[in-house]
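My notes follow the order in which I checked things.

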Amino acid sequence: MTKRHGYALLAALAAIVVLISAAIYLGVTGTGARDESADQGARTPRSSAAPASSGSWVAAWSASPVGGEPGTELRGYAGQSIRNVVHTHTGGSSARVTLSNLYGQQPLNLTRASIALTAAPNNPSAAPGTLRALTFDGRSDVVIPPGEQRVSDAVRIRVPDGADLLITTFSPTPSGPVTYHPHARQISYVARGERTDDESGAAYTQQSPFWRYVTAVDVYSNESQGAVVVLGDSLTDGITSTMGANRRWTDVLAQRMRDEPGNLDLSVVNQGISGNRLLSDGLGRPAGNPSGLNRFERDALSRSGVRGVVVALGINDILRNPHDNSAAEIADGLRDLTRQAHQRGLRVTGATLMPFGGHRGWTPEKERMRQEVNAAIRAGKVFDHYVDFDKAVRDPYDAQKLRPGYDSGDHLHPSDAGFRRMGESFDLSLLRKTAPAQL
């Protein structure tokens, strides 16, 4: 072979190498031949999320399941679409939804479910272009056995801070008792037929004050530092706050977390149940309105991204039957919650018990018990820190009663102004702390 022919052969080999490299590049980037993501797309629903590794899942909204909805024992909501409206406290690039059949007595067959941003506050219509189908292990349908829950696959949807979401489900068959949260202080909607993919809310003509099946929405966030979970009763549930206005004290606290300079961007997750007691369960199996001790793991410690816990319980153990609880037993129960949180490396901020003088259930003995529990809390013998709701809302001229402007009128539950004062009474620097204190 001559030197000239050798150079020609080398040039040809170099050209072949360049062509092969280009083909590989085009295959990887997707600008030419089919790439790996195309194969993945064939196996994974288009709505599935593939979050960046720099973020984390955080609870953006949650509501405790309370019991089976009266009147749904036989048919549930067969042949109807339920469109729940929920208000998130942090945003993210993707979302996942938890649906519960905790109080069901037979399998819950959901053939379709969806998520969307609302077109406007307190409105069943979806914002254009935001409606996404929910899937479960890649399927559009899911069967949830009695006593269980299911978490949807992640779905790509941009959720802003403080957004209203629509979570819609459809079941074609009778499901028996519907797991619900009765005091939502938010109007949701029901439509006849399978309407989960409707952007328009025109078919959703039935209004409802309940949340049904949906118990949590998590978002994948690159900004949020986690969630503060609040375990409470009707004072936390916001039973006397303005309907649809998000004026519970937890909403006020969440707004402060977002807006005040120098504070952590923490979601506030409301796990209040009206009538809830620390020590005593409600009736049924599983127990309706389970005690704070019973539900602490389920409702607080297991929430996504939990960073700290706030406990505002005890007043119903004093006020409601049975009346055989002592102040010492209530304080011990609250300490038990703190110990459980410490085992997870979480700090607990507890709330003093608010006055209820003038309420029909008030007696001097119950007032004495309230003061004894508050004394233990203020002495630092119960929680890592405390927020003094009692001091914040009591009447300066009669410490056994709520201040008139903070009283909803029943002398137990606050007005919107009272809820705002409760949310404003927190020292936010305490919620930044992470290491549990030693009691």
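I started at Gly226, which stands opposite Leu266 in β18. The model is a predicted one. I then looked up the strand pair around this position. Strand β17 (residues 226-232) pairs with β18 in the parallel sense, over seven bridges.

Next I asked what packs on the sheet here. Helix α5 (residues 292-301) does, and it touches β17, β18 and β19 (306-312). I noted that the direction of α5 makes about 160° with that of β17.

I went on to the whole sheet. It is open and has five strands, in the order β18-β17-β19-β20-β21. The pairing is parallel. Which strands stand at the edges? I found β18 (266-272) and β21 (385-387) there. Each has a single partner strand, so one side of each is left without a neighbour in the sheet.

My last entry is on a helix pair. I noted that helix α7 (residues 327-343) packs with helix α8 (residues 364-378) at an angle of about 40°. Their axes are 9 Å apart. The crossing of α7 past α8 is right-handed.

Which residues make the contact? From α7 I listed Ala327, Ile330, Ala331, Leu334 and Arg335. From α8 I listed Met369, Glu372, Val373, Ala376 and Ile377. I sorted the residues of this contact by type: eight are nonpolar, two are charged and none is polar.

How values were computed:
Residues numbered from 1 in each chain as written. Predicted model: local features only at pLDDT ≥ 70, side-chain atom pairs only at ≥ 80, totals over all residues. Heavy atoms only, no water. Axes fitted to C-alpha atoms, helices over the stretch in contact; angles between N-to-C directions. Helix = DSSP H or I, 4+ residues; strand = E, 2+ residues; numbered from the N terminus. Left-handed = near helix turned anticlockwise from the far one by under 90°. Contact = heavy atoms within 4.5 Å. Nonpolar A, V, L, I, M, F, W, Y, C, P; charged D, E, K, R; others polar. Pairing = 2+ DSSP bridges.
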